[in-house]
Amino acid sequence: MEFTGFPEAALDFYDDLELDNSKTFWDAHKQVYDTAVAAPMRALVAQLEPEFGPARVYRPYRDLRFSKDKTPYKTHQGAFVANGPSTGYYVQVGAPGVRVGVGFYDASPARLASIRDAMAEERRGQELLDVIAALEADGWERRGERVKTSPRGWSADHPRIGLLRHKSLSMTKEYGFEPFIHTAELVDRVRADWRAGAPFLDWVLRYSRG
C-alpha cells in the first residue's frame, strides 16, 4: 500500500474516541480505525523502513493491569523503530494531529548511570546540550520522565542538573494539523526529521552501557 497521508477521518476517529472510550464505540468504528489509522501507519513506516529499519506498530489496546484509568483504548496510534535498547525513532497520530520523536523511554539502573555520567562530564554534557539546542531551534521540544529533586549522588547545583534529573529523555516535534499530514509529503517530513534527530540518538547510544 502506497502512503498517501492520514485522512481527516483518522483525526475525527480519535476526537470521538476521547469522548467515548468504550468497547461499544470501538466495535462500531473499528473499520474506520483499520482503514484510516492502522493501514496508513503501516504504509508510512514501510516506506521509511529501507533507511531506518522495521517499525513496531503498537496495538491500540491499553495495558490496564496496573492502571487506575480503565479506559480500554489508546487515544493515539504510535509506531517505533528501535536502534538500541528502548531507544529509537517514533511517530504517532491522534486527535492533536501528528508528532515525531527520537529518544530513549526506559533505562536499566546501570545504563541510566552511564548516561548521567556522560551528561555530568563537561565535554560530553555540552555536546548533548548543543545537539538539543540545534533541535529546539528547529521546533523540537525536550520531554521525558524526571525525578522531582536531584538524583542520588548528584548535587542540586550541578550546571547540568536539568539533564541529570531525566530518567528518560526524548525530543519531539509536533506537526499538528498541517495540511501535509494528509498527503504523501508526510513521508519526506518524517524522514528529514528522523535524520535530524539521529545525532541525539547517536549520543545516547555512544555513552550508554549496561
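A salt bridge is a side-chain nitrogen of Lys or Arg within 4 Å of a carboxyl oxygen of Asp or Glu. By this rule the count comes to 18 salt bridges. The structure is a predicted model, in which local features need pLDDT of at least 70, side-chain atom pairs count only at pLDDT 80 or more, and totals for chains, interfaces and linings use all residues. Residues are numbered from 1 along each chain as its sequence is written, and side-chain values use heavy atoms, with hydrogens and water left out.

- D188 and R191 form a salt bridge at 2.8 Å, N to O.
- Both residues lie in helix 6, 3 residues apart, about one turn of the helix; helices are DSSP runs (H or I, at least four residues), numbered from the N terminus.
- R191 is buried at 18% relative accessible area, whereas D188 is partly exposed at 48% (buried means under 20%, exposed over 50%, partly exposed in between; 1.4 Å probe, protein chains only).
- E51, D188, R191 and R195 are linked in a network of salt bridges.
- E185 also pairs with R189, with the closest N and O atoms 2.9 Å apart.
- E185 and R189 are separated by about one helical turn because they are 4 residues apart in helix 6 (residues 185-206).

**Salt bridge between D63 and R65**
- The side chains of D63 and R65 meet at 2.6 Å, N to O, in a salt bridge.
- D63 is partly exposed, at 44%, while R65 is exposed, at 62%.

- V32 lies in helix 2 (residues 23-52) and is partly exposed, with a relative accessible area of 30%.

Notes. Helices (H or I, at least four residues) and strands (E, at least two) are DSSP runs, numbered from the N terminus.
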